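Here are my notes on the model you sent. Please read them beside the coordinates.

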Amino acid sequence: MSSPEIASLSWGQMKVQGATKTYKDCKVWPGGSRAWDWRETGTEHSPGVQPADVEEVVKKGVQTLVIGRGMSEALKVPPSTVEYLEKQGIDVRVLQTEQAVKEYNALAAQGIRVGGVFHSTC
C-alpha cells in the first residue's frame, strides 16, 4: 500500500488523493488519511505537536514521518516529539507546511512508507 499524494495545498485547505473531503489539518499514512482534530489531544500552537498527535500514524508502520508546522511555522514541535519518533526508529522531518508537502510527496513517489501530519494555516 502506498502513501497517498497530497494533491493540493492552499491556506486552510488540503486535498489528499483518494479522500472525498478537503482537510484543514490532516494526517496521512500508507493507504489512508483523515482530518487532524487538535481537540482530540488538546494540541495548541505551543507546546505544539505531541507524541499523542503522531502515534496513530506511527502505528501504520511508517519509515518516515513529515510534520508540517503551518504556513508561517506557528505550530511548534518540541524535542520530546522528535525523540519519541526517533526511538521508534522513524526518520522525522519537521518543515514549513508547503515544504513539508513537497518532501512528503517526493518520498511517497519513491515508494517510501511515509506518513505526515500537516497544519495548513498559520
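The points below cover the sheet, its helices, the cysteines and one lysine.

1. Basis. This is a predicted model, in which local features need pLDDT of at least 70, side-chain atom pairs count only at pLDDT 80 or more, and totals for chains, interfaces and linings use all residues. Residues are numbered from 1 along each chain as its sequence is written, and side-chain values use heavy atoms, with hydrogens and water left out.

2. Sheet order. Five strands form an open sheet in the order β5-β4-β8-β6-β7, and the pairing is mixed. Strands here are DSSP runs of E with at least two residues, helices are runs of H or I with at least four, and both are numbered from the N terminus. Two strands pair if DSSP finds at least two bridges between them. The edges are β5 (32-35) and β7 (91-95), each pairing on one side only. On average, neighbouring strands are turned by 10° against each other, direction ignored. Axes are lines fitted to C-alpha atoms, for helices over the stretch in contact; angles run from 0 to 180 degrees between N-to-C directions.

3. β6 (residues 64-68) runs parallel to β7, with 5 bridges between them. Within β7, V94 is the residue opposite I67.

4. Helices on the sheet. Helix α1 (residues 51-58) packs on the sheet and touches β4 (25-29), β5, β6 and β8 (114-119). Contact means heavy atoms within 4.5 Å. The direction of α1 makes about 35° with that of β4. Helix α2 (residues 79-87) also packs on the sheet, touching β6 and β7. Its direction makes about 150° with that of β7.

5. Cysteines. How many disulfides does the structure hold? The count is 0, with a disulfide taken as a pair of cysteine sulfur atoms within 2.5 Å. C26 counts as buried because its relative accessibility is 0%. C122 is partly exposed at 25%. The classes are buried under 20% relative accessible area, exposed over 50% and partly exposed in between (1.4 Å probe, protein chains only).

6. A lysine in the sheet. K27 lies in strand β4. Is K27 buried or exposed? Buried, because its relative accessibility is 3%. The K27 side chain reaches the backbone oxygen of D53 at 2.9 Å. Not counting residues up to four places away in sequence, K27 touches several residues, including W36, E56, V57 and V117.

How values were computed:
Polar contact = N/O pair within 3.5 Å; in protein donor to acceptor, adjacent residues only side chain to side chain.
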